[in-house]
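This briefing is meant for a reader meeting the structure for the first time. Please look over the sequence and the model below before turning to the notes that follow.

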Amino acid sequence: MKEDPGYFDYWPYENRPKIEWPNGAKVAFWVAPNIEFYELNPPANPHRAPWPQPYPALPGYTVRDWGNRVGHTRQMELLDKYGIRGSISLSTALCDHHPEIIELCKERNWEFFSHGIYNTRYTYGMSEEQERDMIRDSMETIFKHTGQKCAGYLAPALSHSDHTLDLFAEVGTELFGDEGGIYTCDLFHDDQPTPIHLRSGKKFVSVPYSLEMNDTIAYVVNKIEPQRYGQQIKDNFDRLYEEGAESGTIMCIPTHNYQVSFPHRMKAYEEALEYITGHDDVWVTTGREIAEYFIDNYYDAATADIDSRQGAA
Amino acid sequence: MALDKDYFDYPHRSYGMDHDRYEWSMLSDRKPVQWPDGNKLALWVNVPLQFFPLNQKGEPFKVPGGMTMPYPDLRHFSLRQYGNRIGIFRFLKAFDKYGIKPTFAMNTRLAETNPYLLNTIKDRGDEISCHGYHMDAIHWSGLGKDAENELVAKSVNILRELSGQDIKGWLSPAKNESADTPDLLAANGIEYFSDWVNDDMPYQFRTDSGELTAMPLSTEIEDRFVINGNMHSEDSWVEQVCDAADFLLAEANSQGGRILSINIHPWLMGQPHRIAKLEKALDYVSSLDGIWHAHAGEIRESWLSQQ
């Protein structure tokens with residue numbers, strides 16, 4: 001085990017090279033609905049139990065099924081209303097289980113990125129080869145069902161190994177060249193894109209996917225009221241919009257159809273989306289578009305600036 | 001380091017669910033439902049009437065709301081009984097004021113030991129469903145199928161005898177089940193249950209003794225989850241209930257009948273400092289146009305007749 005994963009160097013927020021988003025936007029805003037499949041009876045992993053109760057663990061399983069049966073359409077209609085294309089963090093087995101959901105997202109030209117095969121299969125304990133095969137399966141499944149060359153990764157249930165990001169980038173290159181495996185949502189260290197060190201040296205970027213704005217963190221971990229969650233989203237946006245005048249920032253709302261889509265939570269979420277999209281200088285976009293724009297325009301300057309700051313006062 | 005090869009087997013990776021209890025179906029794809037008299041939103045107010053034994057076994061876990069202190073945990077025992085003595089009568093007054101038709105999910109042990117309370121509910125003519133034998137009689141696979149069958153039969157049959165009702169509905173203590181529970185419920189004449197919180201509308205659920213109807217009783221909006229679990233204020237709970245009613249009514253106007261189900265505990269919302277908040281929520285919801293006040297069994301029958 002390492003003291004530091006070594007993915008990123010210290011890079012202070014002040015005096016970075018200025019990022020300008022398309023059309024002069026101050027904030028790149030993206031919404032990342034997780035569309036997940038949790039198994040009722042998954043195999044045991046030696047490092048993490050999938051469910052807190054003995055089989056059948058109804059509370060966790062059934063509410064997630066609710067998200068697919070009921071919640072998905074509700075959030076999708078809301079994103080349609082405010083002109084937002086979702087960037088789907090996908091349990092790729094869902095392509096087999098619930099192709100109707102995949103079709104609805106495809107019709108809207110939403111992005112699909114890999115969130116593993118099932119959210120009840122953890123990376124913990126996998127050999128490098130096993131993890132590589134699992135990642136490859138997930139990326140091939142997305143391509144087969146959607147034609148998309150998977151660009152992003154959020155490890156299943158945020159379970160990682162020391163090789164996760166390397167493997168994702170390498171499999172992406174093997175399958176799709178520079179179009180595949182170019183960004184990660186697994187790191188929470190910044191409000192702007194940052195280059196990530198990989199053993200392959202590939203240009204690879206961390207696109208901020210906020211843990212703090214994540215509805216599951218708000219509703220399950222912090223247990224906050226829907227109105228307070230909505231207010232936090234607006235406040236988060238206000239500051240990123242203000243700072244984005246100096247150098248472009250990123251705001252992400254990661255969601256789950258089994259949290260944000262409840263009838264008693266939709267109003268607060270809608271008010272927040274209406275507020276954000278009511279501003280002029282917002283680039284409403286997707287994870288892939290942010291990653292590509294950064295790699296094409298700012299990656300080299302960012303890397304040079306980071307290098308110049310190491311050890312400097 | 002590596003995981004066993006079978007960790008990478010995906011035996012259920014195919015169309016539909018990873019089990020055979022019900023069909024995969026998105027709510028938005030289903031035929032719209034019409035409630036009686038042109039109403040849009042069925043209001044199902046569900047009131048658990050619960051008995052938490054002082055000598056709790058806690059198998060396989062301590063039931064939420066149950067004893068947490070060393071024996072004898074008088075604080076929790078008596079506070080839960082408060083609901084059956086005081087809180088419920090505040091509830092009944094509020095229900096009558098706002099025209100609510102409550103459904104009472106009753107522990108059979110409470111019906112055995114509190115005939116006055118049972119008779120009060122019986123005399124109102126409201127529907128009674130079975131909430132298991134008592135709150136510490138948790139249904140789980142460790143019981144074994146035969147013992148669980150005896151538990152279901154005892155709970156349902158005694159409640160039938162005492163209440164004079166045929167008892168068609170079921171809510172497991174803590175909404176916990178064994179792998180066999182749905183089969184045993186159907187075998188004992190239960191027609192609907194509310195343990196699976198995976199839909200906002202009823203759906204048919206397979207058992208080896210015919211089909212049950214899964215009736216949607218959301219956990220996430222219930223008083224205990226929001227106020228005790230999330231520590232939200234009473235005012236926030238009222239706001240969440242009102243927002244849910246508004247949202248579901250709007251959805252019902254475009255997609256067909258919907259159900260607002262609210263599970264409320266007399267030992268929680270029946271407290272003097274909370275009852276006015278419950279009244280406020282009931283006042284708001286019952287003032288909306290298109291509300292159908294109905295017992296759970298009536299909602300099920302209306303829905304089933306349209307399938």
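Predicted model: local features only at pLDDT ≥ 70, side-chain atom pairs only at ≥ 80, totals over all residues.

The points are grouped by topic, beginning with the contact between the chains.

**Contact between the chains**

- Chain B brings 44 residues to the contact, while chain A brings 37 residues.
- Sorted by class, the side of chain B that touches chain A consists of 21 nonpolar, 12 polar and 11 charged residues.

**The largest nonpolar core**

- The largest nonpolar core holds 166 residues, and those that touch the most other members are Ala28(A), Leu41(B), Ala42(B), Leu43(B), Met106(B), Val241(B) and Leu260(B).
- Helix H7 of chain B, residues 234-255, gives this core its largest share, which amounts to 8 residues.
- Met106(B), when residues up to four places away in sequence are left out, touches Leu49(B), Ala111(B), Ile128(B), Cys130(B), His131(B) and Leu159(B).

**Helix pair in chain B**

- Helix H1 of chain B (residues 74-98) and helix H9 of chain B (residues 275-287) have axes that come within 10 Å and cross at roughly 20 degrees.
- Angles under 35 degrees count as roughly parallel, and H1(B) and H9(B) are therefore roughly parallel to each other.
- The crossing of these two helices, H1(B) and H9(B), is right-handed.
- On the side of H1(B) the contact is made by Arg90(B), Ala94(B) and Tyr98(B), and on the side of H9(B) by Ile275(B), Leu278(B), Glu279(B), Leu282(B), Asp283(B) and Ser286(B).
- By class, the residues of the contact of H1(B) with H9(B) comprise 5 nonpolar, 1 polar and 3 charged.

**Helix pair in chain A**

- In chain A, the axes of helix H7 (residues 226-243) and helix H8 (residues 266-277) come within 8 Å, and they cross at roughly 15 degrees.
- That angle makes H7(A) roughly parallel to H8(A), and the crossing in which H7(A) passes H8(A) is right-handed.
- From H7(A), the residues Pro226(A), Gln227(A), Tyr229(A), Gly230(A), Ile233(A), Lys234(A) and Phe237(A) meet Ala268(A), Tyr269(A), Glu271(A), Ala272(A), Tyr275(A) and Ile276(A) of H8(A).
- The residues of the contact of H7(A) with H8(A) are divided by class into 9 nonpolar, 2 polar and 2 charged.

**Backbone features in the loops**

- As a general point, most residues other than glycine have a negative phi, and most peptide bonds are trans.
- A cis peptide bond also runs from Glu59(B) to Pro60(B), with omega near 0 degrees, and Pro60(B) is found in the loop between strand E1 (41-49) and H1 of chain B.
- Asn109(A), a residue other than glycine, has a positive phi near 60 degrees and sits in the loop between helix H3 (99-107) and strand E3 (111-114) of chain A.
- Asn109(A) has 10 C-beta neighbours inside 10 Å and therefore counts as exposed.
- Ala157(A), likewise a residue other than glycine, has a positive phi near 55 degrees, and Ala157(A) is found in the loop between strand E4 (152-153) and helix H5 (164-176) of chain A.
- Ala157(A) is buried, because 21 other C-beta atoms lie within 10 Å.

**Two further positions in chain A**

- Thr255(A), which is part of strand E8 (residues 249-256) of chain A, has 26 C-beta neighbours inside 10 Å and so counts as buried.
- Apart from residues up to four places away in sequence, Thr255(A) touches Val31(A), Pro33(A), Asn34(A), Gln75(A), Asp215(A) and Val260(A).
- Thr255(A) and Asp307(A) are 52 residues apart along the chain, and their C-alpha atoms are separated by 35 Å.
- Gly147(A) is located in the loop between helix H4 (128-146) and E4 of chain A, and with 9 C-beta neighbours inside 10 Å Gly147(A) counts as exposed.

Note on methods
Residues numbered from 1 in each chain as written. Chains lettered and ligands numbered in written order. Contact = placed C-beta atoms within 7 Å. Nonpolar A, V, L, I, M, F, W, Y, C, P; charged D, E, K, R; others polar. Axes fitted to C-alpha atoms, helices over the stretch in contact; angles between N-to-C directions. Helix = DSSP H or I, 4+ residues; strand = E, 2+ residues; numbered from the N terminus. Parallel < 35°, antiparallel > 145°, perpendicular 65-115°, else oblique. Left-handed = near helix turned anticlockwise from the far one by under 90°. Core = buried A, V, L, I, M, F, W, Y, C linked by C-beta atoms within 7 Å. Buried ≥ 20, exposed ≤ 12 C-beta atoms within 10 Å, placed from the backbone.
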